[in-house]
Amino acid sequence: MQDTDRDLLPEGLGDRLPQAAWAAQHVRRMAHDVLAGHGYERVDTPMLEFEKALASRMAGVQARRMFRFVDPISLRMLAVRSDMTAQVARIAATSLSNAARPLRLSYSGPVLAIKGDGLDPSRERLQIGAELIGSDSVAAAAEIVEVAIEALRAAGAAGVSVDFTLPDLVDALSAEALPLPSGQIEAVRQMLDAKDAGGLVDAGGAAYLPLLYAVGPFAGAIERLAQFDAGGVLAGRIDGLRRIAARVEGKARLTLDPSERHGFEYQSWFGFTIYADGVTGAMGRGGTYRILGRAGADPEPATGFSLYPDPLLDSLAMTSTTPQRLFLPLGHDPQVAARQRAIGWATVAALDETDDAVALGCSHRLEGGEAVPL
């Protein structure tokens, strides 16, 4: 029987052809240049780790989203990373546990999930991020938001907007100011996340209804949230949001949705989602969280973000300018060719008299030591 599917790829996976691969490399380089400029040192992590290490370092990491299999050498369960944040947390808690804090680390690479997210079928994505470990202060959160905006803009995004949220909002309110039976807390969270006023009342969260209207452009939404917080339980968080917004004012459009929890599995008091014009869906998320220490105890505060720039790559591949290609005929001077590469040309050397410069994508030909347009 003829093998008809040997060239197929699994659903949600795909190749990057030259222009897209160049765009991905460009995005990573530009983002890392920004991160390095702010003092974030780059680390690289393996694609595979023991499942326990990936799933237990931070609260909310979902092992069911990871590809898992038994390691034939150790006979322990391995997992393919679906998020690099947990790996950077492991590095901070082990190899760099004695490094000075706050510790600034950056990273990038592919991550793989069992299935796509929502309407996006992609299972492999490029993740670029930074973690500021040892602090979840307002100053740390403001720096992370500012750096995320700058990195995304450097990567080629336009019209950046940031939506702030308070992931632990229901926990903070239900503990004292607006008490809820423990069995109702998750239902109230879900109805707030779904923006379902009727469902929120049915779940016993009628007192939380004003949160559904404390959304929208930041200036107005933060005032409505402050009016709702008559008891002052959220005063520290509200002040923190205002200070963060002041730090990034003018660099991005700012909005607030205090009860949004989608995508915030492990964040604590502060979270944000970042968007860009012309791109469907979120470009990334970030916020404050905690890292478990060596023995699963002594949690350390941290703040960070992850960007997923894949939606940008197609547009960049179509509009960005790759280095011009210079055709080098047989018998060319290698030193002249080297000088041309040094000033930015990509050279394509002829291997045969029949090589066609135009067919090989060249715009110029080396003649008499000069680049001559074709």
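Is Phe270 buried or exposed, and what is its relative accessible area? Phe270 counts as buried because its relative accessible area is 0%, where buried means under 20%, exposed over 50% and partly exposed in between (1.4 Å probe, protein chains only).

The model shown is predicted, with local features requiring pLDDT of at least 70 and side-chain atom pairs pLDDT 80 or more, while totals for chains, interfaces and linings use all residues. Residues are numbered from 1 along each chain as its sequence is written, and side-chain values use heavy atoms, with hydrogens and water left out.

**View A. Aromatic cluster around Phe270.** Phe164, Phe218, Trp269, Phe270 and Phe272 form one aromatic cluster. The whole structure holds four aromatic pairs (Phe, Tyr or Trp rings, the six-membered one for Trp, with centres within 6.5 Å; planes under 30 degrees apart are stacked, over 60 edge-to-face, the rest tilted). Phe164 and Phe270 make a tilted pair, 5.6 Å centre to centre with 55° between the planes. This pair links distant parts of the chain, Phe164 in strand S7 and Phe270 in the loop between strand S9 (253–256) and S10, 106 residues apart. Phe164 and Phe270 are both buried. Trp269 and Phe270 form another tilted pair, at 5.4 Å centre to centre and 40° between the planes. Trp269 counts as buried at 13% relative accessibility.

View B. The strands form an open, mixed sheet in the order S1-S5-S6-S12-S11-S10-S7-S9-S8. Strands are DSSP E runs of at least two residues and helices H or I runs of at least four, numbered from the N terminus; two strands pair if DSSP finds at least two bridges between them. Strand S1 (41–42) and strand S8 (216–217) each have a single partner strand, so one side of each is left without a neighbour in the sheet. Helix H4 (residues 138–154) packs on the sheet, and the strands it touches include S6 and S12 (contact: heavy atoms within 4.5 Å). The direction of H4 makes about 15° with that of S12 (axes fitted to C-alpha atoms, for helices over the stretch in contact; angles from 0 to 180 degrees between N-to-C directions).

**View C. Antiparallel pairing of S6 and S12.** Six bridges join strand S6 (residues 124–133) to strand S12 (residues 300–307). Glu131 has Gly304 in S12 as its bridge partner.

**View D. Charges over rings.** Arg76 lies over the face of Phe50, at 3.9 Å from the ring centre. The charged end of Arg104 sits over the ring of Tyr40, 5.9 Å from its centre (NZ of Lys or CZ of Arg within 6 Å of the ring centre and within 35 degrees of the ring normal).
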